[in-house]
Amino acid sequence: MKKQKTEKQKNKHPGRKKNLALMLLAILAAMLCVIMPGKMMDRQAKAQADVYMDVPEEYYPTSSYYEVTKASSEKLSEYQKRQLISGRWESEISDVDKEYYEDSGYHIEEMTKKLINTLESKNLYPIGIESAYSDWYNWKCTYMQALDTNFRSYAGFFWRVEFTHYENAEKLVVYITPEGRIIESMYYSENEGREKDLSFSDEFNDGMVRRLAGLMLGDGMVVQDLTNCASTEKDEVYNFILEDSLIKKEDELWQELKTEKGIEEASEESSEETSEEVIGEDASGDDEYMLIKKITVAEHESDDSVQYLFYIYHDGSRLIEGFLPID
């Protein structure tokens with residue numbers, strides 16, 4: 001009898017263990033429902049990140065990333081874009097694929113030609129781009145960008161517009177924003193009497209320099225002030241002209257053009273005569289001359305003003321004009 005009682009006590013709650021097991025299974029299932037989706041999402045995100053990191057660098061900036069770069073770059077001011085283009089902010093300059101051209105080359109060419117002709121008509125530039133047969137120029141437009149090398153997300157977009165005389169050894173290159181604001185212009189010539197054209201602006205007074213800078217900057221940009229520069233700033237601009245990647249590239253293309261037209265190089269002896277020191281407004285160098293002014297500019301639709309070093313430089317075959325952001 002005692003033995004039977006013990007067995008009944010053991011079997012008194014037969015479902016308790018079963019219920020406990022089911023409860024543990026339910027808790028475990030609930031924990032998995034919470035944890036597993038997060039784990040799966042982390043795994044998927046990591047896989048996507050790995051794919052993103054494997055995208056070849058050459059896909060920047062001329063692939064679908066162009067739209068992203070363009071959208072983020074619209075937040076930049078005119079001054080910040082020029083900082084990228086000039087190299088004040090570390091950047092890489094490259095052509096933009098023609099698939100992403102946002103304007104026609106013909107429209108940009110006409111806009112640039114009109115601006116150059118306006119400067120010439122106001123006696124602020126030595127040449128104009130005429131349509132007559134005797135002054136006919138070939139032209140070429142290339143859409144470019146200066147992409148920041150830190151985040152690869154911001155860029156200054158601009159156009160390179162080239163005018164080449166059909167017969168003479170003469171070339172004009174204008175780097176210009178899509179809004180029609182000149183960044184830098186480079187006139188090359190080996191024509192007879194070119195010295196007069198290259199030294200065209202040597203006698204400019206402050207008023208003429210101010211008008212020239214204002215027209216190059218375009219509508220909505222006002223030159224508020226113009227002052228002389230310190231010697232350190234002149235050295236800075238001179239070094240910039242020597243190292244600027246845009247100028248270096250144009251120098252190489254100019255040499256190729258001269259070779260095509262059968263223009264012989266100057267002798268090594270005469271080339272060494274060019275001085276490496278900065279030539280200012282009051283100097284009298286035979287081959288080099290540089291005029292630099294610090295200008296304060298009010299940007300379009302902005303109460304803030306910015307400052308540029310505006311430069312006019314020429315040597316034996318080049319006339320270079322442009323703006324270098326101070327910051």
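R152 sits in the loop between β2 and β3, where helices (H or I, at least four residues) and strands (E, at least two) are DSSP runs, numbered from the N terminus. Its phi is near 55°, a positive value in a residue other than glycine. R152 is also buried, with a relative accessible area of 18%; buried means under 20% relative accessible area, exposed over 50%, and partly exposed in between (1.4 Å probe, protein chains only).

A quick word on what you're looking at: this is a predicted model, in which local features need pLDDT of at least 70 and side-chain atom pairs count only at pLDDT 80 or more, while totals for chains, interfaces and linings use all residues. Residues are numbered from 1 along each chain as its sequence is written, and side-chain values use heavy atoms, with hydrogens and water left out.

**The chain as a whole**

- The protein chain comes to 10 helices and 9 strands.
- Of its 327 residues, 41% are buried.
- Take the contacts (heavy atoms within 4.5 Å) with a separation of 6 or more: residues 24 or more positions apart account for 64% of them.

**The sheet**

- The 9 strands make an open sheet, in the order β1-β2-β3-β4-β5-β9-β8-β7-β6, and the pairing is antiparallel; two strands pair if DSSP finds at least two bridges between them.
- At the edges are β1 (91-95) and β6 (222-227), each pairing on one side only.
- From one strand to the next, the twist averages 20°; axes here are lines fitted to C-alpha atoms, for helices over the stretch in contact, and angles run from 0 to 180 degrees between N-to-C directions.
- Helix α9 (residues 245-260) lies across β1, β3, β4, β5 and β9, and runs at about 25° to β5.

- β3 and β4 pair in the antiparallel sense over 6 bridges, and they form a hairpin with 4 residues between them.
- Within that pairing, V161 stands opposite V174 in β4.
- On the other pairing, β4 and β5 are joined by 7 bridges, again antiparallel, with E170 opposite S189 in β5.
- β4 and β5 form a hairpin too, with 5 residues between them, and G180 in the turn has a positive phi of about 90°.

- β8 is mostly covered, with 8 of its 10 residues buried.
- Strand β7 (residues 289-298) is joined to β8 by 10 bridges, and the two run antiparallel; here K294 has L309 as its bridge partner in β8.
- β8 (residues 305-314) also pairs with β9 (residues 318-325), in the antiparallel sense, over 7 bridges.
- β8 and β9 form a hairpin with 3 residues between them.
- Y308 stands opposite P325 in β9, and Y311 has G322 as its bridge partner there.

- In α3 (residues 65-73), the buried residues are Y65, Y66, T69, K70, S72 and S73.
- Seen down the axis of α3, those buried residues fall within an arc of 170°, so they line one face of the helix; the arc is that of the directions from the helix axis to the C-beta atoms.
- T112 belongs to helix α5 (residues 105-121) and, at 1% relative accessibility, counts as buried.
- Not counting residues up to four places away in sequence, T112 touches V161, F163, V174 and I176.
- N123 lies in the loop between α5 and β2 (137-148) and has a phi near 60°, a positive value in a residue other than glycine.
- N123 is exposed, with a relative accessible area of 51%.

**The cavity**

- A search of the whole structure finds 1 cavity of 30 Å³ or more; on a 1 Å grid over the protein atoms alone, a cavity is a set of points where a 1.4 Å probe fits but cannot get out, and lining residues have an atom within 4 Å of a point.
- The largest cavity holds about 50 Å³ of space, a volume being the space filled by probe spheres set on the points, with grid points joined across faces, edges and corners.
- Its lining consists of I85, S86, I183, E184, F240, D244, L246, Y311 and F323.
- α4 (78-86) and β5 each supply at least two residues of that lining.

Terms used
1 Å grid on protein atoms, 1.4 Å probe; cavity = no way out; pocket = protein on both sides within 12 Å on 5 of 7 lines; lining within 4 Å.
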